[in-house]
Amino acid sequence: MDCNRCEEEAIMHAAYSGAHLCENHFRESVEKRVRRRVRRDDLVPHDVTPEDPQTWVIGLSGGKDSVVLTRILYDTFAEDPRIELVGLTIHEGIEGYRDKSLEACVDLTDELDIRHEVVSYEEEFGIQMDDVVEDDPENMAACAYCGVFRRDILSRYAENLGADLLLTGHNLDDEAQTAMMNFLEGDVEQMAKHFDASLGPLSERDEQDEFVPRAKPLRDVPEKEVALYAHVEDLPAHITECPHASEAYRGEIQQLLYDLEENHPGTRHSILSGYEELAAITSDEFSGEDGADLQDCAECGSTTTREICRKCSLLESLA
C-alpha cells in the first residue's frame, strides 16, 4: 500500500484516521502531534527569554515512551536557548530490568548531550523494589508501593533541579485507561485533580504552588505508534515490561479498550477528548473551594493531606 501523501511504500495504517503513511510522513505525523500538544497546553510561556530560561525535567525511564518524548523535545528545542532539558532517571532496584533501561537512558542523553540525573530507591529510602515485593507488609500490588515512591522522587527532584515543568511520557493508551478508570469509579473530584495536575493547559489550571506543574506532550499518540517511532528512529529504548507489574484493574481496562478500538477505531481518541472537556468542567466546579487541608509531613516535611505522608507510612511498615 502506498503512502497517502507520496508514492513511497506505507509502513503503517492508522485505522482511526484511515491514513497510510510511509516512514518519513509517519515520523512527521508523530512529531507534529507532540509539538501541537506543547502549543495547546501553553507549555512555553510567552514571556520566557534566553536570559531567564525554563528548565524542563523529563521523567526518563529508558522505555519507549520517555525515550521518544525526550528525542522529540530535543529535536524541537535543541536550538532554543529559552528551554533547557534535563533527564531524571529513577532506579527502583529491580534486578535484570532497570539496569538495562538505565543503559538506554545513558546512551540517549550522551548522544543528545543533555544533563542526566540518576536517583535510586536504595540511596533515597534504603530499599530495593525486589525486597519490597518479597516482604509486602501492606499486602498490596508492587505498583502501589512503587507509584508512591516514584511520585515522591519525581516531585522532590524536579523541585531540587529548579524545574519549571515536569514532563512524563504517558501516551494515548495510558491516558484513555486512566480516563475510563475515573469514569467507572465515578470519581469526579479525581477528574478535577487530573486536569489541574497534568491534563489541562497551564493557563487554565487551578493554581498549585506546592508542586512543579506536570505535562504529557505524548498523550495524543497511540502506544503502538510510539513503539514504531522508536524502531524507525533506532532509539535506545528498553522495551520490556517490569517483572513486578501487576495492576489487575488497569489490565482489564486496557484489554477492554483494545477490544473497543479493534471494533470501533478512534475510541481512545473520543474517550480522552470527552474526558478532557469533563475534567475542565469539574476543575471549574471545584476551583476556589478550600479543598484538601495540606500540611507538612511530620517525618520528611513533604506536602501531604495527613500527619505522616503515604511514603513515610510505607517506609515505616517496611522497616
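Start by selecting His 25. Skipping its neighbours within four places in sequence, His 25 is in contact with Cys 3, Arg 5 and Cys 6, where contact means heavy atoms within 4.5 Å. His 25 sits in helix α1; helices (H or I, at least four residues) and strands (E, at least two) are DSSP runs, numbered from the N terminus. His 25 is buried, with a relative accessible area of 17%. Buried means under 20% relative accessible area, exposed over 50%, and partly exposed in between (1.4 Å probe, protein chains only).

A quick word on what you're looking at: this is a predicted model, where local features need pLDDT of at least 70, side-chain atom pairs count only at pLDDT 80 or more, and totals for chains, interfaces and linings use all residues. Residues are numbered from 1 along each chain as its sequence is written, and side-chain values use heavy atoms, with hydrogens and water left out.

Next, click on Cys 22. You'll find Cys 22 in the loop between β2 (19-21) and α1 (23-40). Cys 22 is buried too, with a relative accessible area of 3%. Beyond its neighbours within four places in sequence, Cys 22 is in contact with Cys 3, Cys 6, Glu 8, Glu 9, Ala 10 and Ile 11.

Now select Cys 3, Cys 6, Cys 22 and His 25 together: an unreviewed UniProt entry lists them under "binding site". They span 23 residues in sequence, yet no two of their C-alpha atoms are more than 8.6 Å apart, so they gather at one spot. UniProt positions are in the numbering used here, feature names are shortened, and annotations may be inferred rather than shown by experiment.

Time for a pair of helices. Select α8 (residues 188-199) and α11 (residues 267-286): their axes come within 8 Å and cross at roughly 100 degrees. That makes α8 roughly perpendicular to α11 (a label for angles from 65 to 115 degrees; under 35 is roughly parallel, over 145 roughly antiparallel, and the rest oblique). Axes are lines fitted to C-alpha atoms, for helices over the stretch in contact, and angles run from 0 to 180 degrees between N-to-C directions. To see the contact up close, show side chains including Phe 195 and Leu 199 of α8 and Tyr 275 and Phe 286 of α11.

Finally, zoom out. The chain has 12 helices and nine strands. Of its 319 residues, 46% count as buried. Its C-alpha atoms fill a box of roughly 65 × 50 × 45 Å, taken along the principal axes.
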